[in-house]
Amino acid sequence: PKDDTKYRSFFENSADEMLIIENCEFVDCNSATVSMLGYDRKEELINTPPFKLSPEFQPDGSSSFDKAKEMMRLAREQGNHKFEWDHLRKDGSVIPVEVSLTAIETDHGSSLHTVWRDISDRKQTEQAVRDSEEKFKALADTSPLAIYMSTGIEQKAEYINPTFIKLFGYSKAEVPTANHWWPLAYPDENYRKQVTEEWQQKVERAIATKSKIEPMETVVTCKDGSKKTMSWGFINIGKQNWASGLDLTERNKALDELKISEDRFRALHEASFGGVIIHDNGLILDCNQGLSDMTGYTSDELIGMDGLQLIAPASLDQVLHNIKTGYSERYEVDGVRKDGSLYPLSIKGKNVVYNDRDVRVVEFLDITRYKLAEKALRESEERFRQIFETNPDPVILAKLDGGIIIDVNKAFETLTGLSRLEA
């Protein structure tokens, strides 16, 4: 019949792999199937049950023999059934396919019209996404920074790392949004108002200029009532807000409690929390071993040196201004080592009286590791975002708990006609 001829032509010439199953065996297939599996002739595949062209077990651990029978049973009962399956090529390599089974009735009885689609590229992309997520999680979970990732206008918490929980004592369930965090971390109403207003201004500026915020130092009240001095950073990546905090409590305590005297300062030569100098208008009067270790100069080379030589030219104006105004908050600059290399510094200075003269005490903290961790987090997220956005298949990111859609890629928008906001 004419219809049979048209169907046969479509079957044979289709770019998709097509097969016919009768009595649980492949009784026919097209040339695309033969090519995909690496065979020379279709006769090599005829009268072969599906499990014979499959590894012993499927990715979910089920037996290919048992699962093949179950998939065919569902197709016959429902009329059609779609699922993913691992098949074997002639050379023994595995090829993942999406299988569509459709039950049809012919003059010869019932059969299953089978269509395969190679999903190797999709599987590789999905694995790349999983690998990226695992690397990111491993990095974030072991980071010394307290990390709080939120989304949306309400800044809903999507991720809190172990360091955050250990430092402050609050779980994700206890601080599900930023609005829950503020009164817990800053119970004093006046201080909370000051912190939230400054933070909001910094965050809005960072989002508008697509940059990170200048570090912001606050005193956080922990769940057990203790207080921690934190230096906070923020960066916006897509719809995600990443806040990270460096615990400065012990370092600040060491500096604040320091009574500048010759004996007390000499004790700092054995300290390991960073570099400390005493200078008079830039001229270094004394320093600790930590500064020598950090800069590569010996203590003898440092004492009597112009301390501004330890600061990169691009940061000199900021440092000179802070010395002149007596600025006592922590800020970041670029430092210069003896070998000329640059490195990121966190500096905090304080004007004091030393040997009956007004001088300035400055703590140098090498924050190279902090910057590298921040960069690695950003790059990991950007790699994930690139893979997600360029995936040719529609991809939805949803929460396991409740199935709430977090994001969709461009392929999903193109396929469904829905925007990210509508999805």
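Because the model is predicted, local features need pLDDT of at least 70 and side-chain atom pairs count only at pLDDT 80 or more, whereas totals for chains, interfaces and linings use all residues. Residues are numbered from 1 along each chain as its sequence is written, and side-chain values use heavy atoms, with hydrogens and water left out. Helices (H or I, at least four residues) and strands (E, at least two) are DSSP runs, numbered from the N terminus.

**Packing of α4 and α13**

- Helix α4 (residues 120–142) packs with helix α13 (residues 368–390) at an angle of about 160°, their axes being 9 Å apart; the axes are lines fitted to C-alpha atoms, for helices over the stretch in contact, and angles run from 0 to 180 degrees between N-to-C directions.
- That angle makes α4 roughly antiparallel to α13, a label for angles over 145 degrees, with those under 35 counted as roughly parallel, 65 to 115 as roughly perpendicular and the rest as oblique.
- The contact (heavy atoms within 4.5 Å) is made by T125, A128, V129, S132, E133, F136, L139 and A140 on the α4 side, and by A373, A376, L377, S380, R383, F384 and I387 on the α13 side.
- The residues of this contact comprise 10 nonpolar, three polar and two charged, where Ala, Val, Leu, Ile, Met, Phe, Trp, Tyr, Cys and Pro count as nonpolar, Asp, Glu, Lys and Arg as charged, and the others, Gly among them, as polar.

**The buried side of α6**

- In helix α6 (residues 178–185), the residues A178, W181, W182 and A185 are buried, the term meaning under 20% relative accessible area, with exposed over 50% and partly exposed in between (1.4 Å probe, protein chains only).
- These residues cover an arc of only 100° around the axis, which puts them on the same side of α6; the arc is that of the directions from the helix axis to the C-beta atoms.
- The elements against which the buried residues of α6 pack are β6 (146–151), α5 (162–168), α7 (189–209), β8 (216–221) and β9 (227–237).

**Buried strand residues**

- E158, placed in strand β7 (residues 156–160), is buried with a relative accessible area of 18%, and, leaving aside its neighbours within four places in sequence, E158 is in contact with M149, S150, T151, K172, K399 and I406.
- I95, found in strand β4 (residues 94–106), counts as buried at 1% relative accessibility.
- Not counting residues up to four places away in sequence, I95 touches M36, L37, W85, D86, H87, R89, D118 and S120; of these, L37 is 58 residues from I95 in sequence and 8.4 Å from it in space, C-alpha to C-alpha.

**Loop residues with positive phi**

- C24 lies in the loop between β1 (17–22) and β2 (25–29), is partly exposed with a relative accessible area of 31%, and has a phi near 65°, a positive value in a residue other than glycine.
- Leaving aside its neighbours within four places in sequence, C24 is in contact with P49, P50, M72 and R76, while the C-alpha atoms of C24 and R73, 49 residues apart along the chain, are separated by 9.8 Å.
- N47, in the loop between α2 (31–37) and α3 (64–78), has a positive phi of about 65° although it is not a glycine.
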